[in-house]
Amino acid sequence: MPRLSPEEINQFLSEPGILMRIATVRDDGSPLVTPIWFIFEENCLWFTPREKSEWFACLRRDPRVALCIDEQLLPYRKLVIDGIAELCHDVGEDDLWRDRYRRIAGRYVPAAGAEAYVQETIDQPRGLYKVALEGAKMRSWRMPVAGEPGDGIWAQRYYRPGTKLSKN
């Protein structure tokens, strides 16, 4: 299965409207997965948990995360990242990064709607986190596109040796 090139990853992460799912670890060790808005800037994924969200509490206790960013249409690009979330601005520092918050909202709704969303939620403090791609473990894949062989839709490790699509 084709992996995304660094250029394809950058382009994919910069497209508007694609959600990210963040997996964190609860107190009892169970996983918590939350779909969230994000923005890709400075080779980092930036996101903003609300002060009262469960996943914010999880991140405060344990910054290890798994992130999943994918699309529903062909070529079904997928990116999974295991990394460490860094708290860049804590609750109460929102004014220092409000423009980034506007840019995040602007990836999901038109400019006027993004500004309205920011103004409607301005009194609800958030934290600002980032996960740097450098140093994170990343896995990516997509379906073959025009001109690529169509027989590699799974990674070879999934095929039983000696079967139709196995190269072993």
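This is a predicted model: local features need pLDDT of at least 70, side-chain atom pairs count only at pLDDT 80 or more; totals for chains, interfaces and linings use all residues.
Colleague: Thanks. How many helices and strands is that?

Modeller: The chain has 4 helices and 9 strands.

Colleague: And what does the chain span along its principal axes?

Modeller: The C-alpha trace spans about 60 × 40 × 25 Å. The chain has 168 residues, and 39% of them are buried. Its accessible surface is about 9,800 Å², with 54% of that belonging to carbon and sulfur atoms.

Colleague: What share of the contacts comes from residues 24 or more positions apart?

Modeller: Those account for 70% of the contacts with a separation of 6 or more.

Colleague: Let's go to the strands. How do strand 1 and strand 2 run?

Modeller: They run antiparallel, joined by 6 bridges. Strand 1 covers residues 20–25, and strand 2 covers residues 31–36.

Colleague: Which residues are on the covered face of strand 2?

Modeller: Leu32, Thr34 and Ile36 are on the covered face, while Pro31, Val33 and Pro35 make up the uncovered one.

Colleague: What about strand 6, which strands is it joined to?

Modeller: Strand 5 is joined to strand 6 by 7 bridges, and the two run antiparallel. Ile69 stands opposite Leu79 of strand 6 in that pairing. Strand 6 also runs antiparallel to strand 9, residues 137–141, with 5 bridges between them. There, Asp82 stands opposite Lys137 in strand 9.

Colleague: Where is Pro75, by the way?

Modeller: Pro75 is in the loop between strand 5 and strand 6. The peptide bond leading from Leu74 into Pro75 is cis, with omega near 15°.

Colleague: Which residues touch the most other members in the largest nonpolar core?

Modeller: Leu13, Leu45 and Phe47 do, in a core of 28 residues. Helix 1, strand 1, strand 2, strand 4, helix 2, strand 5, strand 6 and strand 8 each supply at least two of its residues. Helix 2 gives the largest share, 4 residues.

Colleague: What does Leu13 touch?

Modeller: Leaving out residues up to four places away in sequence, Leu13 touches Phe38, Phe40, Leu45, Ile69, Leu79, Arg107 and Leu133. There is also a second, separate core of 8 residues, and Ile39, Cys44, Trp97 and Ile104 are among them.

Colleague: New topic. How many disulfides are there?

Modeller: A search of the whole structure gives 0 disulfides. For Cys58, the nearest cysteine sulfur is that of Cys68, 18 Å away. For Cys88, the nearest is the sulfur of Cys44, at 7.5 Å.

Colleague: Last one: which residue other than glycine has a positive phi near 55°?

Modeller: That is Glu42, in the loop between strand 3 and strand 4. Asn43 also has a positive phi, about 60°, although it is not a glycine. Asn43 is likewise in the loop between strand 3 and strand 4.

Colleague: How exposed are they?

Modeller: Glu42 is exposed, with a relative accessible area of 59%. Asn43 is partly exposed, with 38%.

Technical notes: Residues are numbered from 1 along each chain as its sequence is written. Side-chain values use heavy atoms; hydrogens and water are left out. A disulfide is a pair of cysteine sulfur atoms within 2.5 Å. Buried means under 20% relative accessible area, exposed over 50%, partly exposed in between (1.4 Å probe, protein chains only). Two strands pair if DSSP finds at least two bridges between them. A nonpolar core is a set of buried Ala, Val, Leu, Ile, Met, Phe, Trp, Tyr and Cys residues joined through side-chain atoms within 4.5 Å. Contact means heavy atoms within 4.5 Å. Accessible areas come from the Shrake-Rupley method with a 1.4 Å probe; for residues, only the protein chains shown count as cover.
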